[in-house]
Amino acid sequence: MTAALGFAGRNAGRLAVAGLLLTILVFPVISDNRYYQTIIILSLLLAIMASGWNIISGFAGYVSLGQTVFLGIGAYTTAILSLRVFGPDEFGQGGANPFYFIPVSAIVAGLFAAAVGPIIMRTRGHSFVILTIAFLFVMQLIVLNWTDLTYGNRGLSLPLPDWPREWGNLPFYYIFFGILLLSVAMSWWIRRTKFGMGLIAIREDEDKAASVGVNTPIYKVLAYIASAVWIGAAGGVYAYYLSFIDPRTMFDIVYSVFVVLAVLLGGRGTIWGPVIGAFILEPLNQVTNNDFDRWFGEGIWDANVRLIFFGALLMMVILFLPRGIIPSVQDIFRKRRESKMAAEVGARFERKPLTVVERGALEAREAPAGPLLEIRGVEKRFGGVRAVDGVTLAVERGSITALIGPNGSGKTTLFNLIDGTMSSDKGEIWFEGERVDGLAPYRRAHLGIGRTFQITRLFRQMTVLENVVAPLSSFSWRHLGADAVSGPEAERAHELLGFVGMHKFASHRAGALSFGQGKLVELAQILMLDPTLIMLDEPAGGINPTLIAHMEEMIRELNRQGTTFLIVEHNMPLVLGLCDPVCVLARGQTICTGTPDRVQADPAVLDAYLGEDFVLEQKAEVSS
Amino acid sequence: MTQLIQTLVLGLLLGGVYALLASGLTLIFGVMDVINVAQGALIILAAFITWALWNETGLDPLFGVFVTTPLMFLVGLLIYMTTIRWIQGKPPSTSVILTFGLALVIEGVMGMVWTATLHRATPDYFNQSFTIGDIYLRKSQVYGCAIAIGVLVILYVMLKVTWLGRAIRAVSANMSSAKLVGVDPTTVAALTFAIGVATTGAGGSIAAVLYPFLPGSHYAWISRILGIIVLGGMGSLPGAVIGALLLGVAETMTATYISPQWATMVPWAVIMLVLLLRPQGLMGQKLREDVAL
């Protein structure tokens with residue numbers, strides 16, 4: 001009995017979904033109640049909308065408040081095709097079969113997303129939300145004012161479908177059901193592929209995702225298209241279902257918000273959350289609309305009460321249930337599971353050796369002559385501040401080069417310019433004989449530049465293993481559909497985690513790690529790129545001495561295997577013992593480059609950074 | 001020629017009122033990083049209150065400013081304490097969705113109280129005009145613009161001179177540093193939000209005379225003031241003024257020379273173009289963001 005209850009508890013979500021689907025499938029067979037049929041049809045439509053919205057806003061984190069635009073586009077595509085191109089007469093009294101036009105509606109919606117996506121997805125946060133609203137209103141106004149094509153405010157009437165009368169709305173019912181299943185299947189597939197993992201990475205930290213090789217522009221636009229097509233298809237069916245469409249109901253901002261509410265209620269970023277949310281919300285909407293009058297007297301539930309009710313519900317969900325039903329329920333079970341794993345958190349570090357991976361393509365090609373990385377006269381200004389003011393620097397192949405200098409001297413900004421997080425105002429950056437300063441960050445990652453951040457940046461909602469598997473050392477369309485965590489890559493990730501001593505934490509959430517542990521995982525993460533150049537931003541900052549020793553050991557070992565390092569660090573004993581050459585930056589310029597001994601003796605360096613008494617302190621340490 | 005000047009003057013007069021209406025939105029965004037989508041609904045709420053006062057007591061709608069401003073200040077304080085306060089620091093979309101919900105609630109309440117029909121406060125002078133040469137200036141627009149400028153000047157001086165103003169600007173520039181020097185960000189945020197909403201009081205009273213309105217009009221207003229602050233640079237008060245004047249002129253020009261139907265498109269078109277081509281707007285500053293990481 002308890003076992004059965006436990007099973008039910010663990011799989012409550014799955015059981016609920018299976019029950020829901022089965023009920024929808026057989027409902028028309030066991031009951032011919034038209035009222036409930038209508039409720040299910042509208043719930044299915046909302047679920048399709050919610051499931052689509054979830055891809056762009058739940059997975060990729062780009063919140064759209066204008067998702068109904070694709071419903072409108074789909075509906076108008078079907079309506080205009082059916083009336084304008086074929087003409088109402090052609091179908092005569094029999095009317096038209098709506099299903100010819102569904103694929104066209106889906107394609108047109110997808111094309112709109114493909115055209116608009118690359119433009120509006122260059123912005124983030126507030127700007128993106130506002131742009132999606134603007135897109136919706138602009139489309140509404142175009143449809144409203146382009147009266148030759150759309151009859152504007154008067155709307156379009158569609159012919160009745162040509163199936164037997166006694167079928168009623170059943171074909172609509174099952175076609176919506178089919179579209180929903182396709183939409184959910186696609187969400188499920190996306191979530192378990194590299195594409196889906198890339199989207200989650202973008203949601204968690206987009207710049208970081210780009211720096212580990214995720215082709216963020218393509219991922220985002222594909223997600224936008226994926227979120228539009230099924231809604232477009234549903235729009236085509238919806239037009240025939242209503243048999244009359246007009247711009248205000250088809251491009252309705254309130255319905256957009258209703259979609260958002262459905263997903264937030266069910267659980268953003270989950271597969272079934274949007275569906276469950278829709279099947280709670282739409283029946284609630286219909287019942288309150290139609291039955292309250294009957295129960296409590298006429299006029300109780302008018303348009304105003306409806307606005308107040310759903311507006312307030314939206315606010316309540318944001319304030320009190322921000323993560324939605326499914327994640328909140330899952331959390332309860334996860335907490336129980338994780339309490340068992342807690343024992344391992346205090347485990348000691350145990351490093352394992354690393355096998356050298358053949359850099360097939362790179363090895364085969366003759367390495368170009370000259371330094372691995374060359375920076376020529378690079379500048380970066382922020383308003384009036386010249387953070388990097390004409391830096392020239394070369395990193396020799398196979399070296400461990402240090403970049404030191406006082407705070408604010410431009411070290412991290414230089415890193416950002418090299419890996420492409422920021423673009424430089426002037427100068428050139430060459431890597432492996434190729435000019436890279438115009439390339440997107442993910443392209444530079446593909447070429448073999450890996451970098452860690454001063455304050456570790458991991459994808460906090462992902463597990464440690466997923467974090468290490470997420471980097472992509474190249475882009476290919478086929479890759480997008482590959483399993484997110486697959487055999488050889490997972491093996492390599494485990495090996496890398498072993499190398500940094502974090503293999504016992506593979507299934508922990510990255511957000512739960514300590515600062516030092518995070519640094520190790522981030523190192524393993526960029527090793528997944530098989531980088532030729534690793535840039536470490538303060539690898540020893542804020543971690544304990546034992547870990548610093550580990551870090552030094554690992555850097556030496558990787559360097560022996562052929563990896564070049566560029567390291568920003570304030571820990572002078574570590575820098576002077578590990579690195580050669582050392583390059584000193586001050587006020588955005590390189591003031592000295594040379595061996596550790598030479599740099600320590602340079603008066604300009606002592607003046608700008610180390611301080612006059614640096615040598616004395618060193619001597620004092622030796623004598624004590 | 002006369003028509004051009006007439007259109008320009010009308011655009012500028014409207015722009016002055018728009019500037020006041022947009023100032024609250026930009027102030028709230030600058031300090032709290034919150035886009036208050038309910039600002040449009042609050043404008044209509046103030047307009048309805050003004051209309052009701054005028055209708056019941058005969059109080060001149062433009063004098064309604066003195067009632068609606070403190071009233072809306074309190075409404076703002078209430079909204080902050082019950083909702084906005086709890087979502088500070090959440091992703092930007094959260095505040096947009098939350099305040100959208102609030103806008104729907106306010107729209108519903110207004111529909112219940114005043115029904116969804118067109119209203120307009122029409123005091124004696126609303127149909128009268130000043131005439132300068134061939135140019136007609138509606139008295140209501142002239143008075144409205146004058147009051148709007150007056151309130152804006154008071155707001156500007158307050159931000160520049162008082163301790164609260166300095167605190168608001170400090171929090172707007174850098175929240176954590178402001179905390180270090182003894183500014184309590186919650187208090188400042190609450191007062192900023194309340195002041196931002198209070199501007200809808202004055203603005204709504206003026207709007208009640210200028211345009212007919214119904215509960216659903218808030219979409220037109222939010223699009224307008226959002227377009228203004230995006231154009232001017234989000235968070236910048238001088239930017240809002242310039243953006244408002246430009247948008248006022250653009251709207252009247254479109255209505256006169258193209259068609260009134262396309263005038264509603266202007267704010268949305270402005271929003272799209274500015275966000276895509278110059279996201280920081282005309283007066284917004286582009287600051288480095290990497291240091292905070």
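**Entry 1. A:S243.** I located A:S243 in the loop between α12 and β2 (244-245) of chain A. The model I am reading is predicted. I then looked up the backbone of A:S243 and noted a phi near 60 degrees, a positive value in a residue other than glycine. For context, most residues other than glycine have a negative phi.

**Entry 2. B:T115.** I next turned to chain B, where B:T115 has a positive phi of about 60 degrees although it is not a glycine. I placed B:T115 in the loop between α4 (92-114) and β1 of chain B. I counted B:T115 as exposed because it has 11 C-beta neighbours inside 10 Å.

**Entry 3. The cis peptide.** I looked up the peptide bond that joins A:D580 and A:P581 and noted that it is cis, with omega about 5 degrees. As a general rule, most peptide bonds are trans. I found A:P581 in the loop between α26 (572-578) and β11 (582-586) of chain A.

**Entry 4. Chain A overall.** I noted 29 helices and 12 strands in chain A. Buried residues make up 45% of its 624 residues. For contacts in chain A between residues at least 6 apart in sequence, I recorded that 76% join residues at least 24 apart.

**Entry 5. Domains.** I listed the domains of chain A as domain 1 (33-259), domain 2 (371-448 + 532-547 + 562-624) and domain 3 (458-530). The C-alpha centres of domain 2 and domain 3 of chain A lie 26 Å apart. How many residues of domain 2 of chain A are in contact with domain 3 of chain A? I found 8 residues of domain 2 in contact with 8 residues of domain 3. On the domain 2 side of this contact I noted 5 nonpolar residues, 3 polar and no charged.

**Entry 6. The nonpolar core.** I examined the largest nonpolar core, which has 281 residues. The members that touch the most other members are A:I48, A:F176, A:A234, A:L261 and A:A524. Which helix gives the most to this core? I recorded helix α12 (residues 216-242) of chain A, with 16 residues. I then followed A:A234, leaving out residues up to four places away in sequence, and found that A:A234 touches A:L45, A:I48, A:L71, A:G74, A:F176 and A:I179.

**Entry 7. Helix α9(A).** I looked up helix α9 (residues 170-192) of chain A, which has 23 residues. From first C-alpha to last, α9(A) reaches 33 Å, close to the 33 Å expected at 1.5 Å a residue. Among the buried residues of α9(A) I noted A:F172, A:F176, A:I179, A:S183 and A:R191. In an α-helix there are 3.6 residues a turn, so residues three or four places apart point the same way.

**Entry 8. A four-stranded sheet in chain A.** I traced an open sheet of 4 strands in the order β4-β3-β6-β7 (chain A), with antiparallel pairing. β4 (385-395) and β7 of chain A stand at the edges with a single partner strand each, so one side of each is left without a neighbour in the sheet. Strand β3 (residues 373-382) pairs with strand β6 (residues 426-431) of chain A over 5 bridges, and A:E374 stands opposite A:W430. I also noted A:W430 opposite A:R435 in β7(A). β6(A) and strand β7 (residues 434-435) are joined by 2 bridges, and A:F431 has A:E434 as its bridge partner. The hairpin of β6(A) and β7(A) has 2 residues between the strands, and I recorded a positive phi near 50 degrees at A:E432.

**Entry 9. A hairpin in chain B.** I found strand β1 (residues 129-132) and strand β2 (residues 135-138) of chain B paired in the antiparallel sense over 4 bridges. B:F130 stands opposite B:L137 in β2(B). I noted 2 residues between β1(B) and β2(B), and at B:G133 in the turn a positive phi of about 60 degrees.

**Entry 10. The contact of chains A and B.** I counted 32 residues from chain A and 37 residues from chain B in the contact. On the chain A side, the elements that give two or more residues are α7 (125-145), α14 (253-266) and α16 (303-320). α16(A) gives the most to this side, with 12 residues. I recorded the chain A side as 24 nonpolar residues, 8 polar and no charged.

Definitions and conventions:
Residues are numbered from 1 along each chain as its sequence is written. Chains are lettered from A and ligands numbered from 1 in the order in which they are written. This is a predicted model: local features need pLDDT of at least 70, side-chain atom pairs count only at pLDDT 80 or more; totals for chains, interfaces and linings use all residues. Two residues are in contact if their C-beta atoms, placed from the backbone, lie within 7 Å. Ala, Val, Leu, Ile, Met, Phe, Trp, Tyr, Cys and Pro count as nonpolar, Asp, Glu, Lys and Arg as charged, and the others, Gly among them, as polar. Two strands pair if DSSP finds at least two bridges between them. A nonpolar core is a set of buried Ala, Val, Leu, Ile, Met, Phe, Trp, Tyr and Cys residues joined through C-beta atoms within 7 Å. A residue is buried if 20 or more other C-beta atoms lie within 10 Å of its own, exposed if 12 or fewer, and partly exposed in between; C-beta atoms are placed from the backbone. Domain bounds come from an automatic or database domain assignment. The expected span of a helix is 1.5 Å times one less than its number of residues.
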